[in-house]
Amino acid sequence: MMIADSKRTPLTFDSVEPESGLRAALAMGRADIIGEIGASNLRGRGGAGFPTGTKWNLAAAARVRAGGAKYVVCNADEGEPGTFKDRVLLAAHADMVFEGMTIAARAIGAAIGILYLRSEYVYLRPHLEAVLARRRDEHLLGADIGGLAGFTFDIHVHMGAGAYVCGEETALIESLEGYRGEPRNRPPFPVDTGFQGQPTVVNNVETFAWVVCILSRGAGWFKATGTGKSAGYKLLSVSGDCREPGVYEAPLGLTVAELLARVGGEGAKAVQVGGASGVCVPASEFGRRIAFEDASTGGSIIVIGPDRDMLAVARNFMEFFVEESCGQCTPCRAGNAKLLEGVERLERGECSTGHLQELLALAETMQLASKCGLGQSSSNAFVSIVRHFRNEIMGRALAH
Amino acid sequence: MLVGQQQRLQDDIREIVAQLGRDRSALIPVLQELQKRHATVSDFAMQVVADELGLHPAEVYGVTSFYAFLRQPAQGRFVFRLCRTLSCEFEGKSRVARQLENDLGIGFGQATPDGRFGLEWASCLGLCDQGPALLVNERVYTRVTPERVHEIIDECRRTFGAHARQAGHSQVEGGLS
C-alpha cells in the first residue's frame, strides 16, 4: 500500500515547475503578490471558502505587536470525515505546500511558519521534516531566501493531538498556544490577533499549493476554470460506494452526476458532499454543482449506494459530532446529543412526527446560535437526510 | 508508584522540558513526548509538568482530557485506533472492531491489564479510500480484515520489549510514495 497512491487523475501540481511560483514572487513587490492572488479569485480550499487575497491583504496591513512577528500557519488538521486530499498533498507535494507558505510569508511579511499536522498523520512527519531540512540546505528557507536580502523565514511542524474542532482556525491557534482547542470569539480575527496575539494567516494545505500554481501560471490561467464565484480546480477526496475511490482534480462547478460518472458511482442513492458537516444530496438533485455557491465542500465526497440505510448514515454523523463537539457552547454540546437521541428514537420506531419537527427546529437553533462553524454545520446532514428521506426513516418497526 | 520510578519520571520530564521549552505553547508537545516514552500521562506526571511549566495542575488536566490522543486513562503501549467514519463503516469496520475486541479481550476505551494494548475509536483517519483503516501508534494499516487482526497484534507483540521505548513504529507500510 502506498500512502500517496490515492491519485486517480493527474494533478496540476505534478506539472508546475518546482519553485517557479516562489521565483516569480521574489521578483514582485508584496502588494503585487497579493494583487495576483486576489485577481485569481482563489478561495480557501479547507471548506469555508474565504477569499485568500483578502485574508493576506488584511494580514499584510496589520501591525505587529511589540517584540513579535507575523505568522503563516498551514492548517493540516484535515479532520472532516471523508477528506484525505491533504494527506496525499503532504506525501507527494510537500515542497509545493512549503513553497506556498514561503510566498505567503513574503507577501504579508511573516518570519515564522508553522505546519499544524493532525496526529492521525503522525507517520508523515519524518518525511515533512526531511523536506524542510533539504529546503534549508537549498536556501529556500532560513535567511536571505532565494538571495533576497532580509527575507528570513522558517517553518516547523507542530503536532495536533486528536480534535476535529482544531480545524477551525481560532481553535487551531488555541491548540498551538497550548490550550484546549476551544474556538475564540471573532472578531478579532487571526489576521489581526492570531497566534501569540500577532497577525496570522491560516490557510489550508491545498490553498498554499494553488498559490504556487497561480504565481507560476498567472491569475488569468486559474480564473479561466470554474464558475464565476468558484474559480479554479479543486481536489476531491472520493470514497464510499464507487468503483474508483481516491483523489480527483476537477474544475469547480461540475455536477454531482458528472463526478459520479468519473468515479464509477452511477446508481448511487445519495452523495454526502462536504463530509459530516456537509449536506446529503439525493439522486433527484444530482444536477447540483460542486461549488461554493451550491454544494460546497472542502473536498469530502462520500458516495452512498442504493442499499444503504440513511438512518445509519445519520447516526454515524451524529455520533461523530457528539464526540467532537468541544462542549464550550450549549447549542452544540446539548443539541448534537439531542439529535443523536432522535436518531435512536427513529431507529426504534418511536419518533412522532411532532417530535421530528421539534428536532428540525432544534437543528435550526444550533445553526443560528452555535459559536463556531462546527455547531453551525453539525446538523446539516441530519436535516438534509430528514428532508429527503423522511419516508425511509419514519415508522420503523422494532428489530427482533 | 515506587520512589525510584517517580524519580525517573521526574527526571524524564525535566529532560523533555529542557528540550522543548517552558512556554505554554510547549505544553502539548511535552505531554506528547511524555506519552511516547511512558505510554500514559499519569496524575503524578501532570503535577510535575505543571510545576515545570508554572501552571496549575488543573490546566494541564484540562488540556490532557480535551485531546483524544492524550486522554486518560492508561492507553497501553500500543494503542489501536480504528476509524469509525462512514466510508470505513461501508467497508466493514464493525466486523474488524468485533475481532479486535475478541483478540485483545477488551472493549473500546479500555486497555489490557498488562498495559500493552489499548483500543480506541478514531474519528476519521483520512484513509477513506482504503478502509477499514487502523492506526497503531505511528503505523497505519489499510483495508484491514477480521482475518488480519491477529497478525497485526502479533506484530506488536514481537516488537514489544526490544523496541518498547520507541513505542512502536514510525514507518508507513510500503513507504510514502
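## A sheet and its helices

In S9(A), A:Ile304 is the bridge partner of A:Ala270. Strands such as this one (E, at least two residues) and helices (H or I, at least four residues) are DSSP runs, numbered from the N terminus. This is a predicted model, in which local features need pLDDT of at least 70 and side-chain atom pairs count only at pLDDT 80 or more, while totals for chains, interfaces and linings use all residues. Residues are numbered from 1 along each chain as its sequence is written, chains are lettered from A and ligands numbered from 1 in the order in which they are written, and side-chain values use heavy atoms, with hydrogens and water left out.

**The sheet of chain A.** An open sheet is formed by 5 strands in the order S6-S5-S9-S7-S8 (chain A), with mixed pairing. Two strands pair if DSSP finds at least two bridges between them. Strand S6 (246-251) and strand S8 (279-282) of chain A are at the edges; each has a single partner strand, so one side of each has no neighbour in the sheet. From one strand to the next, the twist averages 30°.

| Strand pair | Sense | Bridges |
|---|---|---|
| S5(A) and S9(A) | parallel | 4 bridges |
| S7(A) and S9(A) | antiparallel | 4 bridges |
| S7(A) and S8(A) | antiparallel | 4 bridges |

How many residues of S9(A) are buried? The number is 5 of the 5, so S9(A) is largely enclosed by the rest of the structure. Buried means under 20% relative accessible area, exposed means over 50%, and partly exposed lies in between (1.4 Å probe, protein chains only). On one side of S9(A) the buried residues are A:Ser300, A:Ile302 and A:Ile304, and on the other they are A:Ile301 and A:Val303.

**Helices across the sheet.** Helix H11 (residues 256-263) of chain A lies across strand S5 (233-240), S6, S7 and strand S9 (300-304) of chain A, at about 140° to S6(A). Helix H16 (residues 380-393) of chain A lies across S7 and S8 of chain A, at about 25° to S8(A). Axes are lines fitted to C-alpha atoms, for helices over the stretch in contact, and angles run from 0 to 180 degrees between N-to-C directions. Contact means heavy atoms within 4.5 Å.

H16(A) has a kink of about 65° centred on A:Arg387. The bend at a residue is the angle between axes fitted to the seven residues ending there and the seven starting there. Buried residues of H16(A) include A:Phe382, A:Ile385 and A:Phe389. The buried residues of H16(A) pack against S7, S8, helix H12 (310-324), helix H13 (330-348) and helix H14 (353-369) of chain A. A:Gly395, with a positive phi near 65°, follows H16(A).

**A helix of chain B.** In H1(B), B:Leu9, B:Asp12, B:Ile13, B:Ile16 and B:Val17 are buried. They cover an arc of only 135° around the axis, which puts them on the same side of H1(B). The arc is that of the directions from the helix axis to the C-beta atoms. On the other side of H1(B), the exposed residues are B:Val3, B:Gly4, B:Arg8, B:Ala18 and B:Gln19. Helix H2 (27-38) and helix H3 (43-53) of chain B are among what covers the buried residues of H1(B).
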